Amino acid sequence: MTAYEHLKKLDDDAAAVIARYPQSGSALLPLLHLVQSEEGFVSPAGIEYCADKLGLSTAEVSAVSTFYTMYKRRPVGDYHVGVCTNTLCAVMGGDAIFATLKDHLSVGNDETTEDGKLTLEHIECNAACDYAPVMMVNWEFMDDMNPDKAVGLVDELRAGKAVHSTRGPALCTFKQAERILAGFEDPREGAVAGGGAAGHATLAGLLVSQGRTPTGPAVTTEASE
Ligand code: FES
């Protein structure tokens, strides 16, 4: 009897993940996501499971799982709600969004609501600064947010309504998202393999830098003011 009996149902999927790599140790990151797809976080048993599957020590697995912030040490709610509070998002309203959600949900940073539905966390830059302030729900982008939109978003998630990322795909639960991050098929309508094309804000910046006129939604530049 091992500490990870509850994870043995993942054995076939774990074998498929490991088979993708010439060296089994390279499979650690997706394997940790696979564990989170079952547990909703990485427990000590989950660390032992990965170590045994990959021939690593639990100290090695633990070192990796505690280094990357996408691996959680406590159970995450159905929806991980991240608010970018790095410099650009912060000055564009990210700090206000985070403060509003803390009050609205009665939780602090990295805490889960009493109903177990939402975990709030301030997150670092997601290289989406041209859509600031940005939020992420289970790692799907919610662009051009503000406090009112953020409150509406979390209320809809808590009410069980279908919500879409501003870039298309329907939001799934944290555990479902973790299975996709482990490299298994994304069954959602609107999901784009490989991340899709650059959006209007990103392309507008490129065009302005080239002295060309952006198309699509209006973009205000210093030169046009
Ligand atoms: S500062 Fe928020 S996405 Fe870059």
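Reply: A salt bridge is a side-chain nitrogen of Lys or Arg within 4 Å of a carboxyl oxygen of Asp or Glu. The model is predicted, so local features need pLDDT of at least 70 and side-chain atom pairs count only at pLDDT 80 or more, while totals for chains, interfaces and linings use all residues. Residues are numbered from 1 along each chain as its sequence is written, and side-chain values use heavy atoms, with hydrogens and water left out.

Me: How many salt bridges does the structure hold?

Reply: The structure holds eight salt bridges. One of them joins the side chains of Asp11 and Lys53, at 3.2 Å from N to O. Helices (H or I, at least four residues) and strands (E, at least two) are DSSP runs, numbered from the N terminus. Asp11 lies in helix H1 (residues 11–18) and Lys53 in helix H3 (residues 44–54), so this pair ties together parts that are 42 residues apart in sequence.

Me: Which side chain meets Asp13 in a salt bridge?

Reply: Asp13 pairs with Arg179, at 2.9 Å from N to O. The pair links distant parts of the chain, with Arg179 in helix H7 (residues 174–181) and Asp13 in helix H1, 166 residues apart. Arg179 counts as partly exposed at 32% relative accessibility.

Another salt bridge is formed by Asp143 and Arg167, whose closest N and O atoms are 2.8 Å apart. Here the distant parts are loops: Asp143 is in the loop between strand E5 (140–142) and helix H6 (147–158), and Arg167 is in the loop between H6 and H7, 24 residues apart. Asp143 is buried at 7% relative accessibility, whereas Arg167 is partly exposed at 41%.

Me: How is the length of a helix to be read, and what span does helix H2 reach?

Reply: The expected span of a helix is 1.5 Å times one less than its number of residues. Helix H2 (residues 28–39) has 12 residues and reaches 16 Å from its first C-alpha to its last, close to the 16 Å expected. H2 is mostly covered, with 10 of its 12 residues buried. Among them are Leu28, Pro30, His33, Gln36 and Glu39. Just after H2, Gly40 takes a positive phi of about 80 degrees.

Me: Against which helices do the buried residues of H2 pack?

Reply: Contact means heavy atoms within 4.5 Å. The buried residues of H2 pack against H1, H3, H4 and H7.

Me: Where is Lys72 found, and what does its side chain reach?

Reply: A polar contact is a pair of N or O atoms within 3.5 Å; within protein, one must be able to donate a hydrogen and the other to accept it, and residues adjacent in sequence count only if both atoms are side-chain atoms. Lys72 is found in the loop between H4 and strand E1 (79–84). Its side chain reaches the backbone oxygen of Thr69 at 2.7 Å. Lys72 counts as buried, at 7% relative accessibility. Not counting residues up to four places away in sequence, Lys72 touches Gln36, Phe41, Val42, His80, Glu121 and Phe174.

Me: Which side chains make polar contacts with Thr113 and Tyr4?

Reply: The side chain of Thr113 makes a polar contact with that of Asp115 at 2.6 Å. Thr113 lies in the loop between strand E2 (111–112) and strand E3 (118–123) and is buried, with a relative accessible area of 4%.

For Tyr4, a polar contact of 2.6 Å joins its side chain to that of Asp52. Tyr4 is placed in the segment before H1 and is buried, with a relative accessible area of 9%. Beyond residues up to four places away in sequence, Tyr4 touches Ala45, Glu48, Tyr49 and Asp52.

Conventions: Buried means under 20% relative accessible area, exposed over 50%, partly exposed in between (1.4 Å probe, protein chains only).
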